[in-house]
Amino acid sequence: MNTGSNEPGVTEAVTGTTKDEQPLGSRAPDFIQARRALHLSWQVGVFIVGLAVVAAGIVMLPLPGPGWLVIFGGMAIWATEFVWAQLVLRWTKRKVTEAAQRALDPKVRRRNIILTTIGLVIIAVLVAIYVWKFGFEMPWKIKE
């Protein structure tokens, strides 16, 4: 959509996208979008596949596996057809970018390094106490 203005940001404000984001809406091929019944079938198929992937991700949360990664993969599948999923993914991307920027802040990095060091020292002390008290015997082989 061209607003006729050469000002930067006007087109993005009208379409609701930024320069590096795609416009919202279906990304189905044109021949599918041209036929209402075929497009509806396409959307149902995309929804079912996305639902299966998200459900697998939810199952992986308590079990071994990349649960959150699979859930976001299912959301990405949904985002090929549904505006609500595209908006959720944009919000998630924005929040992850903000968190990454905060993590790269020198003060935050210094704090994280200090907390990690303190945690490792505590673990080392606990291991030293265990070895001093029980030796190198494993807990399931201790005879009292």
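This is a predicted model: local features need pLDDT of at least 70, side-chain atom pairs count only at pLDDT 80 or more; totals for chains, interfaces and linings use all residues.
## Surface and overall fold

The protein has 144 residues, of which 17% count as buried.

The secondary structure consists of 6 helices and 0 strands, giving the pattern α-α-α-α-α-α along the sequence. When contacts between residues at least 6 apart in sequence are considered, 40% of them join residues at least 24 apart.

## The nonpolar core

The largest nonpolar core contains 8 residues: Val46, Val54, Met75, Trp78, Ala79, Phe82, Ala85 and Leu89. Helix H3 (36-60), helix H4 (67-79) and helix H5 (83-103) each give two or more residues to this core. H4 provides the largest share, with 3 residues.

Trp78, one of the core residues, is in contact with Val46, Phe47, Gly50, Leu51, Val54, Trp84 and Ala85, leaving aside its neighbours within four places in sequence.

## Aromatic residues

The protein has 5 aromatic pairs. In one of them, Trp78 and Trp84 are tilted, with 5.3 Å from centre to centre and 55° between the planes. Trp78 has a relative accessible area of 7%, under the 20% limit, and therefore counts as buried. Trp84, at 43%, is partly exposed.

The rings of Phe82 and Trp84 have centres 6.1 Å apart; their planes lie at 25°, which is under 30 degrees, so this pair is stacked. Phe82 is buried, with a relative accessible area of 16%. Phe47, Trp78, Phe82 and Trp84 together form one aromatic cluster.

Note on methods
Residues are numbered from 1 along each chain as its sequence is written. Side-chain values use heavy atoms; hydrogens and water are left out. A nonpolar core is a set of buried Ala, Val, Leu, Ile, Met, Phe, Trp, Tyr and Cys residues joined through side-chain atoms within 4.5 Å. Buried means under 20% relative accessible area, exposed over 50%, partly exposed in between (1.4 Å probe, protein chains only). Helices (H or I, at least four residues) and strands (E, at least two) are DSSP runs, numbered from the N terminus. Contact means heavy atoms within 4.5 Å. Rings of Phe, Tyr and Trp (its six-membered ring) pair if their centres lie within 6.5 Å; planes under 30 degrees apart count as stacked, over 60 as edge-to-face and the rest as tilted.
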